[in-house]
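User: I would like a close look at one part of this model, and then its wider setting. Please keep it brisk.

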Amino acid sequence: MMNSHLPDDMLFEDLAERTAAYKDKAPSRLKSRIYSRLMLEEAEAGPLHSLSNCARDGRRLCVFEELVRIAPLGESARQRNVCRVCHARVLAEKMENAPIYWPNCPYVRFQNR
Amino acid sequence: MLPFPQADEVRTDRVAAIAQDEALVRAVLARDRKATAEFVARYADKIYGYLRHRLLPRADLVEDFAQEVFLVAWRSLDQYRGEAPVDNWLLGIARHKVEDHYRAKLREPVDLPEENDLELSFNPPWDELLDRQQLQERTQQVLSSLPEAYSVALLWRYWEKRSTRDIAALTGRTEKAVERLLARARELFKRRWNDEQSPA
């Protein structure tokens with residue numbers, strides 16, 4: 001219980017202590033935008049870890065990534081940021097908890113449902 | 001009753017958590033998109049929560065700051081040495097950004113109310129609010145209602161635990177001026193708190 005007879009300084013230190021813990025959820029739009037921005041930076045820095053390697057490492061791919069992985073394309077296509085051209089990204093960046101449900105899509109993972 | 005964890009167990013958990021963090025960082029540095037998604041999913045809530053509480057009343061800045069924290073982190077990720085958990089490292093970056101904001105705000109001229117604008121305070125009945133959630137909400141509400149220089153001064157001094165000497169040095173003000181600003185901020189905080197408490 002807060003002692004209201006404490007000097008001002010201690011009163012505020014106590015209030016700060018009691019209100020220091022917080023459990024906020026970042027909006028899914030924000031997480032989506034942060035991820036998209038990081039992916040842009042990574043893609044600019046060089047080829048991404050290829051989808052074939054991601055699958056080999058046991059990472060689960062979304063249906064679109066899986067298509068790119070198995071399609072008869074060069075390895076460089078699998079190192080591209082395929083989310084850039086996906087409608088799920090656009091929706092997730094604009095809408096809170098956008099109605100997207102692809103399994104293993106990172107933008108679905110960011111949702112606070 | 002659950003046994004209290006032994007120091008060795010705590011140390012082992014911490015070492016394991018840092019090893020996990022290091023593996024994640026290595027994967028992000030290898031430009032692994034799935035690891036990057038994990039990185040954002042794992043830490044965004046914590047960074048967002050911290051910024052939301054420290055940037056009151058400027059809710060409009062929170063999302064830009066959060067994005068900036070992750071960008072700065074990504075650009076300097078190769079400097080992460082695994083000496084602390086990644087979330088602490090990210091919070092350190094966030095703290096720097098928040099302090100830059102505080103510094104800029106308190107370097108601006110602050111228009112203080114006249115001496116007699118503020119009544120003498122009476123002790124706020126914080127102890128009547130037993131619920132932590134309510135206490136937190138009320139605190140945020142009152143901080144948000146203050147002039148920004150006041151909320152910044154209070155947050156910096158009490159929530160970030162910076163001394164008045166540090167604040168003075170970082171803002172180019174005298175210690176006396178910072179103390180005066182804090183005294184005003186506390187008074188107005190308490191007055192607003194009490195106003196909220198008073199029946200309509």
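Over which residues of chain A does pLDDT stay under 50, and how many contacts beyond four places in sequence does the model have for them?

Analyst: This is a predicted model. The part in question is residues 1-5 of chain A, where pLDDT stays under 50. For that stretch the model has 11 contacts beyond four places in sequence. Where pLDDT is low, the predicted coordinates should not be read in detail. Chain A as a whole averages a pLDDT of 89. In chain A, 95% of the residues score at least 70.

Now the contact between the chains. Chain A puts 36 residues into it, and chain B puts in 34. On the chain B side, the elements that give two or more residues are α2 (33-54), α3 (59-75), α5 (132-145) and α6 (148-159). The most comes from α2(B), with 12 residues. By residue class, the chain B side holds 17 nonpolar, seven polar and 10 charged residues.

Next, the inside of chain B. Nine residues of domain 1 are in contact with 15 residues of domain 2 in chain B. On the domain 1 side, helix α4 (residues 86-107) of chain B gives the most, with five residues. That side of domain 1 of chain B has four nonpolar and five charged residues, and no polar ones.

Technical notes
Residues are numbered from 1 along each chain as its sequence is written. Chains are lettered from A and ligands numbered from 1 in the order in which they are written. This is a predicted model: local features need pLDDT of at least 70, side-chain atom pairs count only at pLDDT 80 or more; totals for chains, interfaces and linings use all residues. Two residues are in contact if their C-beta atoms, placed from the backbone, lie within 7 Å. Helices (H or I, at least four residues) and strands (E, at least two) are DSSP runs, numbered from the N terminus. Ala, Val, Leu, Ile, Met, Phe, Trp, Tyr, Cys and Pro count as nonpolar, Asp, Glu, Lys and Arg as charged, and the others, Gly among them, as polar. pLDDT is the predictor's confidence in each residue, from 0 to 100.
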